[in-house]
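I opened the model to look up strand pairing and helix packing. My entries follow in the order I made them.

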Amino acid sequence: MTTPASFGLWYHPLYTDGIHPEARFPRDRYRLLLDRLQAAESAPIMTVHRPEPVSKTHLLVAHDAEYVERFLSGELTEKEEKRIGLTPWTPAMIERTKVLMGGAVEATEHAVRYGGLAGNMAGGTHHAHRDFGSGYCVFNDLAVCALHALENLGVARVAIVDLDVHQGDGTATILADEARTCTISVHCSTNFPFRKSVSDHDLPIPPESGDAVYLETVAQALGVCEAFKPDLILYQAGVDGLEADALGKLRVSREGMRKRNQLVFEAAEALNVPLVVFMGGGYAKPIDASLDAFEDLFSDAAQWNQRIRTQGDPCVRR
Ligand SMILES: [Zn+2]
């Protein structure tokens, strides 16, 4: 049973098993991370939930009906599948995507209901656009959860803080005309996507920036977030800015990543609003350095959540 004080983390075996074993994507990171978290010191203050598949209605708040329909019935073209990139494609991708999106929606509902922090151990699928997928992303969990919170959960303003090394281009485009959301992206200026979208606030930084520039820019981004006065924060916590990452280029240290997360948690606490953690990118070779940083992320989120909930006065909606 979930106790309100516990950190809710959504996970499904399909997060790994729904991707073809020969895909270039490091699919084992999900399974390996769960093993680590279950053995971690923070395990007793964390509750792992198994998500239900998302309903089509939730997808339609942010996505084109024809695209949703064609994906769910396995009718994407080979070109569309290649653009998403989790190839070779397998029929299990459909169910995987449904539970991944379900995990995001359930984590968001949990955070809004109980306050504090919650997370999905996958996703942060910020390269998915309204009518096509891209860069390992089929549907955009950040846009879906933001719009779901606005339409159905009594939330008035949502900030999306995207600190993955890649720009949150799909999120920016889907939410471009939505005044109740604020999209903020800190990313490496010379990285995928090479044709950038326009977020409400883009904070690009050059390759090789390292901890000092990165953390200073994250602090600026959080200043923008606080000024927006959101009542929910969605955090894309990709760790592909790590120096060990194969795709990152930013040279951020493990300690720097950890400090970054703390800054985000502090901002949510200062605003007294719930925060949902979306996993995001992490492609170190071997994968261990990414796993270290993700373990830090979810363990620290659980500790932070525990402290906020047990101190009382969380932002609770019932
Ligand atoms: Zn990324």
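I take two strands as paired if DSSP finds at least two bridges between them. Helices (H or I, at least four residues) and strands (E, at least two) are DSSP runs, numbered from the N terminus. The model is predicted: local features need pLDDT of at least 70, side-chain atom pairs count only at pLDDT 80 or more, and totals for chains, interfaces and linings use all residues. Residues are numbered from 1 along each chain as its sequence is written.

Entry on strand β7. I looked up β4 (residues 158–162) and found 5 bridges joining it to β7, in parallel. I160 has L234 of β7 as its bridge partner. I then followed β7 to β8, also parallel, with 4 bridges; here I233 is partnered by L275 of β8. For burial I count a residue as buried if 20 or more other C-beta atoms lie within 10 Å of its own, exposed if 12 or fewer, and partly exposed in between, with C-beta atoms placed from the backbone. By that count 5 of the 5 residues of β7 (residues 232–236) are buried. L232, L234 and Q236 lie on one side, I233 and Y235 on the other.

Entry on strand β3. I found β3 (residues 117–120) paired in parallel with β8 (residues 275–278) over 4 bridges, G119 having V277 as its partner in β8. β1 (residues 7–10) pairs with β3 in parallel over 3 bridges, and W10 is partnered by N120. L117 and G119 point one way, A118 and N120 the other, and all are buried.

Entry on helices α9 and α10. Axes are lines fitted to C-alpha atoms, for helices over the stretch in contact, and angles run from 0 to 180 degrees between N-to-C directions. I read an angle of about 15 degrees between α9 (residues 210–228) and α10 (residues 254–271), their axes 10 Å apart. The pair is therefore roughly parallel (under 35 degrees; over 145 is roughly antiparallel, 65 to 115 roughly perpendicular, the rest oblique). Residues are in contact if their C-beta atoms, placed from the backbone, lie within 7 Å. Among those in contact are L215, V218 and L222 of α9 and R260, L263 and V264 of α10.

Entry on helices α6 and α7. α6 (residues 92–114) packs on α7 (residues 141–152) at about 40 degrees, with axes 10 Å apart. That angle makes α6 oblique to α7. The contact includes M101, V105 and V112 from α6, and V144 and H148 from α7.

Definitions and conventions
Two residues are in contact if their C-beta atoms, placed from the backbone, lie within 7 Å.
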